[in-house]
Amino acid sequence: MAAQQLNQFQFHSVSKIGIIGAGISGIAAAKQLSGHSPVVFEATNSIGGVWKHCSFASTKLQTPRCDFEFSDYPWSERDNANFPSHVEVLEYLHGYATHFDLLKFVKFGSKVVEIRYVGDDHSTTTGTHSSENSTSGEYGNLLACHPVWEVGVQSSNNPDSTIEWYGFEFIVVCIGKYGDIPIIPTFPRNKGQEVFKGKVMHSMDYSKLDQEAARELVKGKKVAVMGYKKSAIDLALECAEANQGPDGQPCTMVVRTLHWTVPSYWIWGLPFFLFYSTRSSQFLHERPNQSFLKALFCLFSSPMRKVVSKFIESYLLWKLPLVKYGLKPEHSFLEDYASCQMAILPENFFPEADKGNIKFKRASKWWFYDGGVEFEDNTRLEADVVLLATGYDGKKKLQSVLPEPFRSLMLDSSGTMPLYRGTIHPLIPNMAFVGFIESVSNLHTAELRCKWLSRVVDNKFKLPSVKEMLDQITREMEVMKRTTRFYKRHCISTFSINHSDEICEEMRWKSWRKSNWLSEAFSPYNSRDYNEEKED
């Protein structure tokens, strides 16, 4: 039956490996797997992912350049202390892709609309699982010597075009957690946006406006921004800057959950990396697979972790008017850092608040009325424009292309993706996922995981059994649960060096990458530490 259906469409078998998405993770995967001439499907007309399609005029990188670069392609102004704009990030990514001739692998305007599993259609089972995957057997080789997946691709510019099918032995999914499917709040009957006489727009749609159109949307308007993470902060600032002068209107941020914000990477005159990004600082934190003595040390170092968090909080409360505006979170700074939710504030954010151009409203529930937004305390906020900085449904985006039974296996009982080394789902055969588990520097971790993945593909080493991988994932998740209430964001920031150590050990690399013990203990790790030249 499958063969009869495929005869209706155009079918290609051009490469062993397919990559879905040409954002940071997709480009990193293409570079590391370039020896196999992969096919990269990109739905848009450009590489860059969220940096191209979900950025505002004011969007900047959240980390210094040296923490956001590929190990073999440094920034031209690497020591520039200013955070680069999203345009500069795109230029860097294009430079990298051009330098290593990666664009030849990319099929632009190619949207993946369906994926089919055909591994069971072949008599040989080498390297594949049955759809009723065993939780105790071997995972197998990633290249199976026959197609395991068929990928249906359609032109993004013509939704009525013929679906073209490609067969692959192995697929790397790099569509990321952000973009494409916005989270739109649901409301009771007659309290949704249909009763509102103004304009409602999600940040995803706002990012598609050019600078002039975005300014016109909010200029002279009463704007409500729903949210308090990085996108919401950038939106509020852009609204404030467009409403300068006597005819300007204030922008109101409606805040449900507070998070810690940071003005710069210096805390009481000390570089931020000293607190969480060195081997010695991470030694204070729990990690997976730690020995009994290390677990005992972590137990007794709990007060020290709290002291570090309180030390940082004291600086933020001194430096920023968080108490004045009712923006002091109830949870610790460590919980936000451990869930990758720390946002760098634009310099003029609170100065605009001090001028009255940005206001704040705390509310856990809200809904629309004809003139704006109403809250559970029976107060109302008049608005002409409501901007939803309510995030994206990355899990739904991923599940929309996966077939059953793998769609149902995608998330575990806690609602997170169980990925070994942040890459391999033990219950989904011949498929990898890059860019779904976060760290403080997603580019660095994506590149290292892709180096690891390429060596698995080339059989440089074998994966553990399915059970062993699931056990490792469980240990990591237990650490996250004990560290932060926001564990579902699946962030490894407090044990990122240990995560990299274990990846290096599996690749038979040295896990300690610095030139001397002093640097090893007190210098931050970045991509340059994982350049292959260090193995020569």
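Predicted model: local features only at pLDDT ≥ 70, side-chain atom pairs only at ≥ 80, totals over all residues.
Student: Why is Arg508 called exposed?

Tutor: The relative accessible area of Arg508 is 61%. Exposed means over 50%, so Arg508, at 61%, is exposed.

Student: What is the state of the peptide bond from Glu404 to Pro405, cis or trans?

Tutor: That bond is cis, with omega near 5 degrees. Pro405 is placed in the loop between α14 and α15. Most peptide bonds are trans.

Student: Why is the packing of α10 against α11 called oblique?

Tutor: Helix α10 (residues 292–300) and helix α11 (residues 302–319) pack at an angle of about 50 degrees, with their axes 4 Å apart. The contact involves Cys298, Leu299 and Phe300 of α10 and Ser302, Pro303 and Arg305 of α11. These residues divide into four nonpolar, one polar and one charged.

Student: How do you know that Arg279 and Asp501 form a salt bridge?

Tutor: The closest N and O atoms of Arg279 and Asp501 are 2.7 Å apart, and the criterion is within 4 Å, so the pair qualifies. By this rule the count comes to 25 salt bridges.

Student: What does the pair of Arg279 and Asp501 tie together?

Tutor: Arg279 lies in helix α9 (residues 279–282) and Asp501 in helix α18 (residues 496–506), so the pair ties together parts that are 222 residues apart in sequence.

Student: Why do Arg279 and Asp501 both have a burial label?

Tutor: Arg279 has a relative accessibility of 11% and Asp501 a relative accessible area of 5%. Buried means under 20%, so Arg279 counts as buried, as does Asp501.

Student: Which residue forms a salt bridge with Glu286?

Tutor: Glu286 forms a salt bridge with Arg482, the closest N and O atoms being 2.4 Å apart. Glu286 lies in the loop between α9 and α10 and Arg482 in helix α17 (residues 466–483), so this bridge joins parts 196 residues apart in sequence. Arg482 has a relative accessible area of 53% and is therefore exposed.

Student: What makes Arg421 and Glu506 a salt bridge, and are they buried or exposed?

Tutor: The closest N and O atoms of Arg421 and Glu506 are 3.3 Å apart, so the pair meets the criterion of within 4 Å. Both Arg421 and Glu506 are buried. Arg421 lies in the loop between α15 (406–409) and β21 (431–433) and Glu506 in helix α18, so the pair ties together parts 85 residues apart in sequence.

Student: Which residues are linked in a network of salt bridges?

Tutor: Glu69, Arg78 and Arg528 are linked in such a network.

Student: How do you know that Glu42 has no salt bridge?

Tutor: For buried Glu42, the nearest side chain of opposite charge, Lys397, is 9.6 Å away. A salt bridge requires within 4 Å, so Glu42 has none. Glu42 is found in strand β3 (residues 39–42). Leaving aside neighbours within four places in sequence, the contacts of Glu42 include Val106, Lys107 and Phe108.

Student: Why is Leu398 called buried, and where is it placed?

Tutor: Leu398 is in helix α14 (residues 394–399). Its relative accessible area is 1%, and the limit for buried is under 20%, so Leu398 is buried. Beyond its neighbours within four places in sequence, Leu398 is in contact with Val173, Ile175, Met410, Met417, Phe433 and Phe436.

Student: What label does Gly372 receive, buried or exposed?

Tutor: At 0% relative accessibility, Gly372 counts as buried. Gly372 is found in strand β18 (residues 372–375). Apart from neighbours within four places in sequence, Gly372 is in contact with Phe196, Trp367, Leu381 and Ala383.

Conventions. Residues numbered from 1 in each chain as written. Heavy atoms only, no water. Axes fitted to C-alpha atoms, helices over the stretch in contact; angles between N-to-C directions. Helix = DSSP H or I, 4+ residues; strand = E, 2+ residues; numbered from the N terminus. Contact = heavy atoms within 4.5 Å. Nonpolar A, V, L, I, M, F, W, Y, C, P; charged D, E, K, R; others polar. Buried < 20%, exposed > 50% of the residue type's maximum accessible area, 1.4 Å probe, protein only. Lys, Arg positive; Asp, Glu negative; His and termini not counted.
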